[in-house]
Amino acid sequence: MAWVAVFTLVTTTGLWWVFRGNTAATSSPPDAAAAAPAAHQHEGQPAASDYVDILSVPAGRQDPPAGASASTGSYRHDCGRNENGFYNPDNFIVVPGKQSGAHHMHDYLGNQSVDWRTTDESLAAATETSCRLGDLSSYFWPVLRDITQTGTDAAQVGGGKDGNHGRILPLAEARMEFVGNAQSKVVPMPLFLRLFTGNAKAITSKLKDARSRWGCAGFKDRYTEKYPLCPDGAVQRVIEYPSCWNGKDTRSNDVRSHTAFPDKDGRCPDGTRAIPKLVITLTYAAIPPGRSFALDAFPGEGRSPHTDHAGFANVMPEDLMALIVDCVNDGRAC
């Protein structure tokens, strides 16, 4: 299964980074979360108000009711949980051609060739993937860190040099599912379609395009925009990608305008058509109690939970995409 990527650094709260290697053991400094600042700052940990006890979050959020033409099926995909430890501080969708352009570390599933030089051609030419059935797509998001530990990249860009301290938390599970649209059938995603969700600069842009969704394993339908404090430390992130496509472009200059999210009734905007909606639920097990974890973020974003974001580039074999569409449109669970 692909090569591994990891080297370690140190800072007051710690971190690790990857480039190609194996993870290193880390030591445990005093609990940095106990001194969380009261407001977002350039450096330091999130504000205390960025965390919420899951027991105080009411159950809610229901999907829109299915219409007569709904596509009600689903397809469960498997791309592992980054057992190879593939991370880097690049973002080929938002800042292509710029090394360490993310200023924070990304966690990758799928295509193992991804870095700042990535192109459609390099994605298609890759030979290593963590996904089954020959899926060379790339799936990525910022890492989550245990900020009570010292990581391995405290002296590196993307890590301590960019204010991201702590030990990268490994994924316990990455549940990946493609689902349908409440009002229509879906069409296949085109090859090399790029999707982006959330806003890495949500705080400085006053929450524009922010789409953070957090929860705890075992607490069905309790979701929050804040970091959840979970009784057993099993934190979850739910990533939903846009699922309406303009039918012609695989990308746009602002990385968003060629796609859209359905409205509250599940309808795609005029001029767009529904594609399979990619939903990824990331689970982290046994996170230390209290305000002990935070996302990597751009400097100035206070490592806020609102800055969660994710990218995707479709490099699936045509027959796999056809299988996903058939399952979703036929109402089957595959």
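These legends describe close-up views of a predicted model.

**View 1. The largest cavity and its lining.** The model has three cavities of 30 Å³ or more. The largest has a volume of about 60 Å³. Its lining is made up of Thr197, Gly198, Arg211, Ser212, Arg213, Val238, Ile239, Glu240, Asp308, His309 and Ala310. Two or more of these residues come from each of strand 11 (194–198), strand 14 (235–240) and strand 20. Strand 14 gives the largest share, three residues. By type, the lining of the largest cavity divides into three nonpolar, four polar and four charged residues.

**View 2. Asp308, a residue of the cavity lining.** Asp308 sits in the loop between strand 19 (293–295) and strand 20 (309–313). Is Asp308 buried or exposed? Its relative accessible area is 5%, so Asp308 is buried, the cut-off being under 20%. Beyond its neighbours within four places in sequence, Asp308 contacts Pro142, Thr197, Gly198, Asn199, Ser212, Trp214, Arg237 and Leu295.

**View 3. The disulfide between Cys79 and Cys131.** A disulfide is a covalent bond between the sulfur atoms of two cysteines. The structure holds four disulfides. In the one between Cys79 and Cys131, the S to S distance is 1.9 Å. The torsion about this S-S bond is about 100 degrees, so the disulfide is right-handed. Cys79 lies in the loop between strand 4 (74–77) and strand 5 (87–88), and Cys131 in the loop between helix 1 (120–125) and strand 7 (138–142), so the bond ties together parts 52 residues apart in sequence. Cys79 is buried, at 1% relative accessible area. Cys131 is buried too, at 7%.

**View 4. The disulfide between Cys216 and Cys230.** Here the sulfur atoms are 2.0 Å apart. The S-S torsion of about -85 degrees makes this disulfide left-handed. Cys216 belongs to strand 12 (residues 214–216), while Cys230 lies in the loop between strand 13 (227–229) and strand 14, so the linked parts are 14 residues apart in sequence. Cys216 is buried, with a relative accessible area of 2%. Cys230 also counts as buried, at 14%.

**View 5. The disulfide between Cys244 and Cys268.** The two sulfur atoms are 2.1 Å apart. With a torsion of about -80 degrees, the disulfide of Cys244 and Cys268 is left-handed. Cys244 is in strand 15 (residues 244–245), and Cys268 is in the loop between strand 16 (259–260) and strand 17 (273–274), so this pair ties together parts 24 residues apart in sequence. Cys244 is buried, with a relative accessible area of 0%. With the bonded cysteines numbered in sequence order, the pairing in the chain reads 1-2, 3-4, 5-6, 7-8.

Terms used. Residues numbered from 1 in each chain as written. Predicted model: local features only at pLDDT ≥ 70, side-chain atom pairs only at ≥ 80, totals over all residues. Heavy atoms only, no water. Helix = DSSP H or I, 4+ residues; strand = E, 2+ residues; numbered from the N terminus. Buried < 20%, exposed > 50% of the residue type's maximum accessible area, 1.4 Å probe, protein only. Contact = heavy atoms within 4.5 Å. 1 Å grid on protein atoms, 1.4 Å probe; cavity = no way out; pocket = protein on both sides within 12 Å on 5 of 7 lines; lining within 4 Å. Points joined across faces, edges and corners; volume = space filled by probe spheres on them. Nonpolar A, V, L, I, M, F, W, Y, C, P; charged D, E, K, R; others polar. Disulfide = S-S within 2.5 Å.
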